[in-house]
Amino acid sequence: MLPSLPMRSARSRGVIERYRAFLSLSETMPVISLGEGSTPLLHSPRLSDIVGRGCEVYIKYEGLNPTCSFKDRGMTLAVSKAVERGAGIVVCASTGNTSASAAAYAARAGIRCAVVLPAGKIASGKMVQAIAYGATIVAINGNFDDALRIVRELGGREDFAIVNSINPDRIAGQKTAAFEVVDELGDAPAAHLLTLGNAGNISAYWAGYSEYHTAEKCSRRPAMLGFQAAGAAPVFHGRVIENPETVASAIRIGNPASWETAVAALRDSDGAVDVVTDQEMLSAQRWLAAKEGIFVEPASAAPIAGLFKICDATRASRYRRDQIQDGTALVCTVTGHGLKDPDIVLQEAAAITPIPADTDEVLRALSF
Ligand code: AN7
């Protein structure tokens, strides 16, 4: 047993202890936590300037979770409940981050983890994590949608617990991110921008804001604005995409699991779904790292690219700049750390040629 020391910081306690009152739990459920949640909400002066008219933009930096993505919020609850039910193996399909998180929480719980992945399509940092945490890894010649179909079929077995977001415990855990935003800002923002892939996160945020609104913790609910990659945009187009393609491997998804709840969130919040191109995501990724010091993976840059699109009067955007009221707060969730996918940055970097170990040579090379 772990020693039960009184944990004082929200970070050390994790999201289950922090938001127990808003999660339906038994008193006896074992809490499997790695200190997830309580991530920074960083003000972005440069994005605020771009939006203008007294609006303030904040970045919810979910890359600072224990496995460096937002998935940990839902995984702590899904794995805790799986252990409570006596499951011996957690299983998931993944584009990378879910598998990294499932592997870590299974290790923490002392149970097994099996992950089904599209071969050759997982960013190296995420693959490294699944290996290090000791997951059993199966690579298939197919895409994420194929992997999820297989996992749904496997999940019927007694000793298996599926920890994809089709498991409602995942969504329940992830809604704590909306609670944190409200707790920190003192109210809900006017709009919340995020990446839309399998559509679990947008559904979770909307559930979180809605519950907090009912509990009178906030006076309003934000417009939910979801951004998909142009080559993998089933919700935007309103149809399944058979062969989704995007450089943002995290959201290479053609048939999202939480499609209907996402559409309901978009509708009920007066929000919108839009697309951003691969180039726009990569540019926004670079911009956010170089201008604000916040390094995220390509998929996570989608809401930043989306905000640029909204603010560019020359672009046709599904959500318009004039729908944002003056003087309001906007929040962009950035879902995963930039180090998850180092290769994408290295690919575009200029070669660095070594020079002699000499101060004058170094000064010359710096050419300031
Ligand atoms: C960084 O890991 O689907 O719309 O299997 O890794 O809730 O699916 C990851 C998705 C956004 C999309 N940003 O969120 C998986 C997986 C990052 C992600 C999404 C994912 P959802």
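**Exercise 1. Which exposed residues does the face of helix 11 turned away from its buried side carry?**

Solution. The face of helix 11 turned away from its buried side carries Glu260 and Arg267, both exposed. Exposed means over 50% relative accessible area, buried under 20%, and partly exposed in between (1.4 Å probe, protein chains only). Helices (H or I, at least four residues) and strands (E, at least two) are DSSP runs, numbered from the N terminus.

The model is predicted: local features need pLDDT of at least 70, side-chain atom pairs count only at pLDDT 80 or more, and totals for chains, interfaces and linings use all residues. Residues are numbered from 1 along each chain as its sequence is written, and side-chain values use heavy atoms, with hydrogens and water left out.

**Exercise 2. Find the buried residues of helix 11 and state what they pack against.**

Solution. Step 1: helix 11 spans residues 259-268, and Trp259, Ala262, Ala265 and Leu266 are buried in it. Step 2: these residues lie on the same side of helix 11 because they cover an arc of only 125° around the axis, the arc being that of the directions from the helix axis to the C-beta atoms. An α-helix has 3.6 residues a turn, so residues three or four places apart point the same way. Step 3: the buried residues of helix 11 pack against helix 9 (200-214), strand 8 (223-229), helix 10 (234-237) and strand 9 (272-276); contact means heavy atoms within 4.5 Å.

**Exercise 3. Locate residues with positive phi and give their exposure.**

Solution. Most residues other than glycine have a negative phi. Step 1: Asp270, which follows helix 11, has a positive phi near 55°. Step 2: Cys68, not a glycine, has a positive phi of about 70°. Cys68 sits in the loop between strand 2 (56-61) and helix 3 (71-85), and counts as partly exposed because its relative accessibility is 27%. Step 3: Ala199, also not a glycine, has a positive phi of about 75°. Ala199 is in the loop between strand 7 (191-195) and helix 9; its relative accessibility is 3%, so Ala199 counts as buried.
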